[in-house]
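Keep the structure in view while reading.

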Amino acid sequence: MKKITGWLAALACSSLLAACGGGGGSPGTNSNGVTPSKVATVVLTSSAATIASSGLDGTEVTLTAIVKDSGGNALANETVSFNASSGTVSSTNRVTDSSGKVVEKLSVKGDTSLRTITLSASVGSVKSTDIKIDVINAVPTLSLTTDSGTLASAVGNDVNVVALVRDSNNTVMQGVTVDLKADSGSLSLTSRISNAQGIVTEKLSTGGDPTSRAIKITATVPGATPVTTIVNVAGNKLTINAQPTINVGASADVTVKLVDSAGNALIGKPVIYGSNANSLTVKGGGSAITNSAGQLVLTYAASGGTADVITVKAAGETTTAGIAINSSTFAVKVLDAGGNVINSAYIGGCQQVAVTGGPSGNVTISSSRGVVYANSVCTSPLVGTLPLVGGAATAYVNASGPGVATITANASNLTTQTDLEFVAPLTNIATINVQADPAVIGVNTSGSTTQQATVRAVVRDGTAQNNVVKNAQVAFSIVSDPSGGVLTQPALVLTGADGAATVSFIAGTNPSAKDGVKIQAQIREGSGASAVASLTVAQKSLFISAGTGNTVSMPSSALYQLDYAVVVTDAAGNAVPSVKLTASVLPTSYYKGIMQYTLPLGPWAPVRSAQCANEDGNHDGILDSGEDANGNGVLDPGIPVSVSTNVTTDAQGRAVVSLVYPKDRAYWLDVNLTVRGQASGTEPGYVGLVHLPGLSGDYAIQAVSPPGVTSPYGTSTSCSNPN
């Protein structure tokens with residue numbers, strides 16, 4: 001026995017001469033002048049564990065082989081060979097693509113015998129673990145049901161979707177992969193493989209879209225006729241609040257409100273609106289979307305006609321409201337001291353409100369802002385109604401704070417409206433404050449304008465009420481800026497209704513000291529007050545963190561998938577979008593042993609007899625002298641784990657990285673997951689140890705052996721023993 005062992009060692013040594021520098025040849029080649037293969041692992045998976053003996057088109061099983069080097073990197077342009085104990089494996093393109101993948105199909109057409117097919121894939125001397133596919137005598141039939149035909153539109157609701165798989169004798173079929181699709185909404189992804197009752201159950205939700213609609217769900221199984229069912233998203237309520245009668249020539253507000261099935265406001269939803277006869281527009285301009293209260297205010301202008309119908313559509317709902325058009329010239333207007341119509345006035349003044357063209361009787365005058373008065377010096381608030389004399393009446397209005405007032409006159413079921421904007425005057429005691437947001441930005445590369453800060457100045461009148469001032473002139477200027485940045489807007493900006501004037505500062509190419517950039521905002525006229533905002537231009541750092549939950553998914557019957565959430569932030573904790581991430585895995589150790597069922601209630605758990613270090617000590621994927629600790633001629637444990645690469649963070653600075661691995665490696669292999677981002681920070685990467693887990697349901701039943709019941713790396717108590 002010692003002689004045989006010595007002979008094997010000598011043979012192994014001779015095969016490694018080229019790698020050790022002996023035997024001549026070019027560097028990086030073996031004794032025959034051929035470059036050694038970098039292939040370290042070949043992982044073979046199948047889309048199903050069974051295949052129908054009928055051999056009908058569509059019953060084929062998809063085979064996927066993934067080829068990688070010792071670093072877990074995909075290898076392109078490697079030729080993969082498939083070996084099957086029976087059946088036919090297609091041969092379309094056996095050369096791996098850029099993701100190291102080859103995809104073929106297994107067919108049993110022409111051989112209806114019931115059997116188990118053993119398959120493997122190899123590249124040169126590197127061979128995958130065998131997988132087995134059972135040929136079964138089955139022509140499946142499908143049924144698809146839901147526990148409700150209606151899905152409430154509010155967040156947090158769902159409907160159970162149940163697919164039942166049976167054969168032609170109505171016997172339930174276990175282990176059949178069911179493909180479920182929904183044309184909208186969101187289906188959960190647990191196990192799409194039928195259980196012992198032949199059932200696959202998923203949950204359907206709205207997917208965050210509360211729109212009223214019919215969702216079509218389709219279930220398919222190879223060899224069976226696809227089946228569909230419909231679930232209706234419902235419960236949204238769309239209402240219109242409008243005056244029943246409006247005079248010709250008058251305008252009035254029309255308020256639209258949209259809520260979900262729980263009465264929650266639906267925010268930011270597009271609204272389609274129109275009327276049969278007259279003009280309908282968004283009040284104040286802007287987009288036709290619902291606000292934070294789920295509302296949209298429209299302006300209806302009655303230019304003619306006797307009747308009209310307003311139609312509004314939003315979130316899959318449609319509603320209408322009828323309006324009667326009165327030919328009366330009933331109108332309300334605000335006049336200045338010279339009798340001219342005005343649409344804005346300073347706060348603190350007393351503005352005349354004139355009603356004309358009214359019917360006989362009395363009129364009610366109201367304002368959404370300020371107070372309506374009966375006298376011209378605005379000291380006696382108007383109580384009740386005013387008599388219409390010759391269809392006319394006069395009142396007065398004043399407001400102590402800025403904003404738009406809607407003034408409404410009602411008489412004999414007729415309504416008319418007008419708007420008056422109250423503004424605060426610019427005083428000699430006006431104040432200004434200015435801020436930069438964000439206060440810390442990164443440097444820009446030459447020609448780039450990505451790193452910007454908004455500089456916002458707010459002007460107030462300096463009174464006890466501290467009212468914001470509209471139409472004040474604000475001059476912006478850079479006081480100091482070591483970065484070499486610029487302002488994007490004209491230096492002189494008028495304040496808006498919120499009293500604010502803004503410019504954008506684009507950082508230069510050089511960093512500054514903390515608060516080293518100073519930008520001044522000064523009021524032109526009035527008090528001439530000024531203020532300075534400080535900000536910092538810095539080399540921006542990137543921080544990457546990652547973590548996972550307690551859920552393992554199954555992309556196929558032979559594989560597990562473990563998702564990691566990756567979060568990228570800057571030094572201030574702000575999310576960083578559009579960061580390109582790369583990920584890799586590297587085994588650290590593997591385990592020998594067997595699974596045992598934990599009495600009395602389980603589950604199956606690993607009983608480890610040995611923990612062994614990765615034999616590929618320098619992580620180059622090449623079997624170097626002294627690395628094969630157990631003497632089996634290969635580097636254990638290899639890299640039977642694939643990881644998604646080249647993902648990009650979303651607007652919240654988040655991305656998902658997925659680890660996919662054969663089921664029998666769960667609990668027997670530990671790997672380091674490394675995630676890196678393209679940035680110049682001091683912590684541009686994340687490294688975490690992952691103990692590959694399994695799906696709890698696979699380890700729960702004592703009578704059913706779990707995957708990897710015996711470690712694929714053996715059961716010996718010694719790492720030097722290959723068994």
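## Charge over a ring

The charged end of R608 sits over the ring of Y591, 4.0 Å from the ring centre. The criterion is NZ of Lys or CZ of Arg within 6 Å of the ring centre and within 35 degrees of the ring normal.

This is a predicted model: local features need pLDDT of at least 70, side-chain atom pairs count only at pLDDT 80 or more, and totals for chains, interfaces and linings use all residues. Residues are numbered from 1 along each chain as its sequence is written, and side-chain values use heavy atoms, with hydrogens and water left out.

## Aromatic pairs

The whole structure holds 4 aromatic pairs. Rings of Phe, Tyr and Trp (its six-membered ring) pair if their centres lie within 6.5 Å; planes under 30 degrees apart count as stacked, over 60 as edge-to-face and the rest as tilted. Y590 and Y713 form a tilted pair, 4.9 Å centre to centre with 50 degrees between the planes. Y590 lies in strand 47 (residues 580-597) and Y713 in the segment after strand 53 (685-691), so the pair ties together parts 123 residues apart in sequence. Strands are DSSP runs of E, at least two residues, numbered from the N terminus.

Both Y590 and Y713 are buried, meaning under 20% relative accessible area with a 1.4 Å probe, protein chains only.

## Nonpolar cores

A nonpolar core is a set of buried Ala, Val, Leu, Ile, Met, Phe, Trp, Tyr and Cys residues joined through side-chain atoms within 4.5 Å. The largest has 52 residues; V355, V363, I365, F476, F505 and L535 touch the most other members. Beyond four places in sequence, the contacts of V355 (heavy atoms within 4.5 Å) include F330, V332, L388 and A409. Another core, of 40 residues, lies apart from it and includes L581, Y590, Y661 and W668.

## A buried lysine

K663 lies in the loop between strand 51 (654-662) and strand 52 (669-677). K663 is buried, at 12% relative accessible area. Leaving out residues up to four places away in sequence, K663 touches M554, S556, S557, A558, L559, Y560, D698, Y699 and P707. The C-alpha atoms of K663 and S557 are separated by 8.5 Å, though the residues are 106 apart along the chain.

Strands pair if DSSP finds at least two bridges between them.

Strand 13 pairs with strand 16 (residues 213-220) in the antiparallel sense over 4 bridges. D179 has T220, in strand 16, as its bridge partner.

Technical notes:
Buried < 20%, exposed > 50% of the residue type's maximum accessible area, 1.4 Å probe, protein only.
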